[in-house]
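Subject: Handover of a structure and notes on its analysis

Dear colleague,

Please find the structure below, handed over for your records. I would be grateful if you could read the notes that accompany it.

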Amino acid sequence: MRQQSPSPTRHLQVRRDRGHTVLEFRGEIDIASAEEIAPHLDRETERPDALVVLDLSGIEFFDCSGLRLLYRARSQVLDRGGQVHLVCTHPLTLRMLRITGLARLMPPRPTLEEVLGVSRPAGRRTGR
């Protein structure tokens, strides 16, 4: 079941899908858009036991400001007992994720369906 809320910014769409909060990043994610996204990201990732998907399939550009957002979201979700997953196929972003080691912490999946279709045992935390 998919439930979409109004877009908090033009760079972030938040929706609920099969019990997960999907945070879909859009367009160019740079220092300016990261400042715009951060408060909305914090609100969604600071919930206890959150199931969060960070979906980068709609990005055109992604710099170190975007990497900081991903790491911040990951830390907040895991610190509160939740699970976090990453969807990404953008070649340059995947390269940045591998170079920085973030791909080891949050292995990127190619599609949202792959993330949401995989069932996990209760209480198992991923991405750490």
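**Basis of the notes**

This is a predicted model, in which local features need pLDDT of at least 70 and side-chain atom pairs count only at pLDDT 80 or more, while totals for chains, interfaces and linings use all residues. Residues are numbered from 1 along each chain as its sequence is written, and side-chain values use heavy atoms, with hydrogens and water left out.

**Confidence**

The protein chain has a mean pLDDT (the predictor's confidence in each residue, from 0 to 100) of 89, and 86% of its residues reach 70 or more. Over residues 121-128 pLDDT stays under 50. For that stretch the model has 19 contacts (heavy atoms within 4.5 Å) beyond four places in sequence. Where pLDDT is low, the predicted coordinates should not be read in detail.

**Overall fold**

The protein chain has five helices and six strands; these are DSSP runs numbered from the N terminus, with H or I over at least four residues for helices and E over at least two for strands. From the N terminus on, the order of elements is β-β-β-α-β-α-β-α-α-β-α. Of the 128 residues in the chain, 50% are buried, where buried means under 20% relative accessible area, exposed over 50%, and partly exposed in between (1.4 Å probe, protein chains only). Among contacts with a separation of 6 or more, 65% are between residues 24 or more positions apart.

**The α2-α3 pair**

Helix α2 (residues 64-79) packs with helix α3 (residues 91-100) at an angle of about 65°, and their axes are 11 Å apart. Axes here are lines fitted to C-alpha atoms, for helices over the stretch in contact, and angles run from 0 to 180 degrees between N-to-C directions. The crossing of α2 past α3 is right-handed, that is, the near helix is turned clockwise from the far one by less than a right angle. C64, L67 and L70 of α2 make the contact with M96, L97 and T100 of α3. By class, five of the contact residues are nonpolar, one is polar and none is charged. In this scheme Ala, Val, Leu, Ile, Met, Phe, Trp, Tyr, Cys and Pro count as nonpolar, Asp, Glu, Lys and Arg as charged, and the others, Gly among them, as polar.

**Two residues of α2**

L67 is in helix α2 and counts as buried, at 12% relative accessibility. Leaving aside neighbours within four places in sequence, L67 is in contact with F62, M96, L97, T100 and L102.

Apart from residues up to four places away in sequence, S65 touches D30, I31 and A34. A polar atom of the S65 side chain lies 3.4 Å from the backbone nitrogen of I31. The side chains of S65 and R68 make a polar contact at 3.3 Å; such a contact is a pair of N or O atoms within 3.5 Å, where within protein one must be able to donate a hydrogen and the other to accept it, and residues adjacent in sequence count only if both atoms are side-chain atoms.

**Residues with positive phi**

Most residues other than glycine have a negative phi. R18, although not a glycine, has a positive phi of about 50°. R18 is found in the loop between β2 (12-17) and β3 (20-29) and is partly exposed, at 37% relative accessible area. D49 likewise has a positive phi, near 55°. D49 is in the loop between α1 (31-45) and β4 (51-62) and is exposed, at 57%.

M106 lies in the loop between α4 (102-105) and β6 (108-109) and is buried, with a relative accessible area of 1%. R109 lies in strand β6 and is partly exposed, at 29%.
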